[in-house]
Amino acid sequence: MQKPNMFEAKKRDRKAIIKEEYKTDPKYKNIGNGLKYTVKTYGCQMNEHDSENIKAMLEEMSFTEEEDYEKADLVILNTCAIRENAHNKVFGLLGRLKHQKEENPNLIIGLCGCMAQEESVVEELSSKYKFVDIIFGTHNIHELPSILNKSLLKHAQEIEVYSIEGNLVENMPVRRDSKYKAWVNIMYGCDKFCTYCIVPYTRGRQRSRMPEDILNEVKKLKEDNYQEVTLLGQNVNAYGKDLDINYSMANLLEDVAKIGINRIRFVTSHPWDFNDEMIDVIAKYPNIMPYIHLPLQSGSDRILKLMGRKYTKASYLELFDKLKAKVKNVSITTDIIVGFPNETEEDFKETLDVVDYCKYDSAFTFIFSPRVGTPAAKMVDNVTLEEKETRLQRLNEVVNKYSKENNLKYLDKIVPVLLENVSEKNAEYLAGYTDTMKLVNVKAPKEYLGKIVNVKITDVKTWSLDGELVEVNLTNDEKNI
Ligand code: SAH
Ligand code: SF4
Ligand code: F3S
């Protein structure tokens, strides 16, 4: 058994990163025979992708997937620790799972992800939530088969969470959720330590994957007919800084673009590390999508400094202008936190001012949530929750106004859309995204799934567009799928 420790998790060293190849252990092959699993995922794309690895490992152990967790024999919650409400949702579901286990004592319950890296959460689970069978962290996802096996043999809770990252594991099995677009990790962890954020503690120090491993993965995805890859990291612009090979995010983006996969995206870009070389590469390659998520967090220099973001309102706007000038038709989205400790009305107005200037295509907006162990959680805060809620509402009104305005520019235009799902609202419609990441619903038959098609936009909403297919060139073979 190993429990997490936030103090240890904060430590950073410059030891070389050791690479390890994942090996499937045949002795666990039959553990899941006849059993069904559900993995419920909270949080960011990183977690979505980790869940794809978890699902593959479970399927190698002969478990089969079940959408409805109430019918599953094994339920794994892949959790997020970023804000209190993510935390509360997980504890809410654990309450329901407790009842489910009372009715079905054979139910196996697992918890992993960022909450499993939190000392206080694991303490609570080990004292009050004994019915949770396995708890494992973000650094040892690859050990799931042996952890599950141990817990089943001893019929007791098995906790295995390392505070410090181990080897960088390559070649994990993966059961991708989509046949058309894929997540590709380019780096793990984060060294930025923004004062409000728990990620550097839950994901460890920054570790970049070797370029050849990433490029081989993308080549394979292209061979398998994937249309889109999203390069993933907490700070993709800092890619390579921890490797001694003089190879940057700009180099990686260019090499990925040359592979020729149709669509390349990347998240998240910290404004701090966004250099001109990168902008030039994005502008040069048509298969790098004109879409950039550029978190602002706050428009006030005073608050940015307290947050440890290392840029100012002016330098952020300079970068924003450069992107708009150099990358044709670029859409830019952002993240904003309101109610950071002692944020004044003036500070908040600076944020509104940036939003008015940038007119973002969309923005994720949050109320500051104190996270145990982070410096901001210890700051004295004189802003009431009521005031924070009012600011969030005021901000959302402005943000939504600009989203709609930006979307209106698309009316009657013809845009490329990768059709990737049947629409949730109407089975005759397919849904997909433009190169600029606008969600579009289109009336089209299912054989168009996985195709990048031209769509004429016929109606515009705040969060999505409606459109109709125009001049699609499908061969007869493709129509007969
Ligand atoms: N690595 C990314 C952010 C990942 S977390 C970056 O640096 O841009 C996603 C978003 O959650 C952040 O951009 C921030 O807006 C929000 N967030 C993080 N910690 C938070 C906290 N303690 N309270 C409220 N929002 C938070
Ligand atoms: Fe968190 Fe900052 Fe790292 Fe983003 S850059 S994950 S906000 S510490
Ligand atoms: Fe949440 Fe962890 Fe991602 S805290 S946002 S799941 S890195």
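## A loop to start with

Which loop holds aspartate 412? Aspartate 412 sits in the stretch between α13 (385-408) and β17 (414-422). Keep in mind that you're looking at a predicted model. Aspartate 412 isn't a glycine, yet it has a positive phi of about 70°. Is this residue buried or exposed? Aspartate 412 counts as exposed because its relative accessibility is 54%, and the cut-off for that label is over 50%.

Asparagine 246 is another non-glycine residue with a positive phi, about 50° here. You'll find asparagine 246 in the loop between β12 and α8. With a relative accessible area of 80%, asparagine 246 is exposed.

## Around ligand 1

Now look at ligand 1, which has 15 residues around it. Which of them come nearest? They are Gln234, Pro295, Gln297, Asp335 and Ser369. Sorted by class, the shell around ligand 1 has seven nonpolar, four polar and four charged residues. Two strands, β15 (331-338) and β16 (362-367), each give at least two residues to this shell.

A polar atom in the side chain of glutamine 297 is 2.7 Å from an oxygen atom of ligand 1. The side chain of arginine 83 also has an N or O atom 3.0 Å from a ligand 1 oxygen. Serine 369 uses its backbone instead: an N or O atom there is 2.8 Å from a nitrogen atom of ligand 1. How much of ligand 1 does the protein cover? On its own, ligand 1 has 550 Å² of accessible area, and the protein covers 91% of that.

Ligand 2 has Cys190, Cys194 and Cys197 among the residues around it, along with others including Lys192, Tyr196, His270 and Arg309. The shell of ligand 2 splits into seven nonpolar, three polar and two charged residues.

Around ligand 3 you'll also spot cysteines, including Cys44, Cys80 and Cys114. Asn47, Ile82 and Arg203 are also among the residues around ligand 3. The shell of ligand 3 has six nonpolar residues, two polar ones and one charged one.

## Helix α2

Helix α2 covers residues 45-60, which makes 16 residues. How far does α2 reach from its first C-alpha to its last? The span is 23 Å, close to the 22 Å expected at 1.5 Å a residue. Since 12 of its 16 residues are buried, α2 is largely enclosed by the rest of the structure.

The buried residues of α2 include Met46, Ile54 and Leu58, but also Asp50, Glu52 and Lys55. Just past the helix, serine 62 takes a positive phi of about 80°.

## Helix α8 and its surroundings

Helix α8 (residues 249-259) has a cap at its N-terminal end: a side-chain oxygen of serine 248 lies 3.2 Å from the backbone nitrogen of alanine 250. Among the buried residues of α8 are Met249, Leu252, Leu253, Val256 and Ile259. What do the buried residues of α8 pack against? Their partners are α7 (211-223), β12 (228-232), β13 (263-267) and α9 (276-284).

Just after α8, glycine 260 has a positive phi of about 90°. Further along, the peptide bond from valine 267 to threonine 268 is cis, with omega near -5°. Threonine 268 belongs to the loop between β13 and α9.

Asparagine 140 lies in the loop between β6 (134-136) and α5 (144-154). Its relative accessibility is 0%, so asparagine 140 counts as buried. Beyond its neighbours within four places in sequence, asparagine 140 is in contact with Ile147, Glu160, Val161 and Tyr162. Serine 151 is in helix α5 itself, and serine 151 is buried too, at 2% relative accessibility. Leaving out residues up to four places away, serine 151 touches Asp133, Ile134, Ala156 and Glu158.

Why does aspartate 466 count as buried? Its relative accessibility is 18%, and buried means under 20%. The side chain of aspartate 466 makes a 2.8 Å polar contact with the side chain of lysine 461.

Conventions: Residues numbered from 1 in each chain as written. Chains lettered and ligands numbered in written order. Heavy atoms only, no water. Near = heavy atom within 4 Å. Polar contact = N/O pair within 3.5 Å; in protein donor to acceptor, adjacent residues only side chain to side chain. Areas by Shrake-Rupley, 256 points an atom, 1.4 Å probe, with all protein chains shown as cover. Helix = DSSP H or I, 4+ residues; strand = E, 2+ residues; numbered from the N terminus. Nonpolar A, V, L, I, M, F, W, Y, C, P; charged D, E, K, R; others polar. Buried < 20%, exposed > 50% of the residue type's maximum accessible area, 1.4 Å probe, protein only. Contact = heavy atoms within 4.5 Å. Expected span 1.5 Å × (residues − 1).
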